[in-house]
Amino acid sequence: MEHTHRKRIAAELGLKESQVGAAAELLAADCTVPFIARYRKEATGGLDEVAVLGIRDLLERLEVLDKRRQAILKSMEEQGVLTEKLRAL
């Protein structure tokens with residue numbers, strides 16, 4: 001997970017970046033939301049199921065946006081219309 005995603009999710013949900021990072025790592029390791037909320041509180045700083053679900057949902061949305069952004073950039077590059085200014089956005 002990108003650092004900017006961690007920061008964005010933490011700000012949006014009112015959590016610490018370290019909590020978001022820990023939950024994201026556990027989710028990436030295929031841990032279930034109930035498992036994380038009940039048995040991994042020490043790792044996540046005490047996040048409950050609602051917070052872990054929020055992190056999971058925002059992560060999924062941001063991943064979809066990243067994939068879409070990459071597809072658009074690739075298409076624009078193939079068409080020869082991609083400028084450095086557009087790439088920076």
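**Helix H2 and its packing in a predicted model**

Student: How many residues does H2 have, and what distance does H2 reach from its first C-alpha to its last?
Tutor: The model is predicted. At 1.5 Å a residue, 16 Å is expected for H2. H2 has 12 residues, and its end-to-end C-alpha reach is close to that value, at 16 Å.

Student: Which helices do the buried residues of H2 pack against?
Tutor: Buried here means under 20% relative accessible area. In H2 that set includes Gln19, Val20, Leu26 and Leu27. These buried residues of H2 pack against H1, H3, H4 (41-44) and H5.

Student: At what angle do the axes of H1 and H2 cross, and is the crossing left-handed or right-handed?
Tutor: The two axes come within 8 Å. They cross at roughly 115°. The crossing of H1 and H2 is right-handed.

Student: Which residues of H2 make the contact with H1, and how many residues in that contact are charged?
Tutor: H1 gives His3, Arg6, Lys7, Ile9 and Ala10. H2 gives Glu17, Val20, Gly21 and Glu25. By class, the contact has three nonpolar and two polar residues, and the charged ones number four.

Student: Which element gives the largest share of the largest nonpolar core?
Tutor: That core has 16 residues, and Ile9, Leu27 and Ile55 are among those with the most contacts inside it. H1 (3-13), H2 (17-28), H3 (33-39) and H5 (49-79) each give two or more residues. The largest share, six residues, comes from H5.

Key:
Residues are numbered from 1 along each chain as its sequence is written. This is a predicted model: local features need pLDDT of at least 70, side-chain atom pairs count only at pLDDT 80 or more; totals for chains, interfaces and linings use all residues. Side-chain values use heavy atoms; hydrogens and water are left out. A nonpolar core is a set of buried Ala, Val, Leu, Ile, Met, Phe, Trp, Tyr and Cys residues joined through side-chain atoms within 4.5 Å. Buried means under 20% relative accessible area, exposed over 50%, partly exposed in between (1.4 Å probe, protein chains only). Helices (H or I, at least four residues) and strands (E, at least two) are DSSP runs, numbered from the N terminus. Axes are lines fitted to C-alpha atoms, for helices over the stretch in contact, and angles run from 0 to 180 degrees between N-to-C directions. A crossing is left-handed if the near helix is turned anticlockwise from the far one by less than a right angle, and right-handed if clockwise. Contact means heavy atoms within 4.5 Å. Ala, Val, Leu, Ile, Met, Phe, Trp, Tyr, Cys and Pro count as nonpolar, Asp, Glu, Lys and Arg as charged, and the others, Gly among them, as polar. The expected span of a helix is 1.5 Å times one less than its number of residues.
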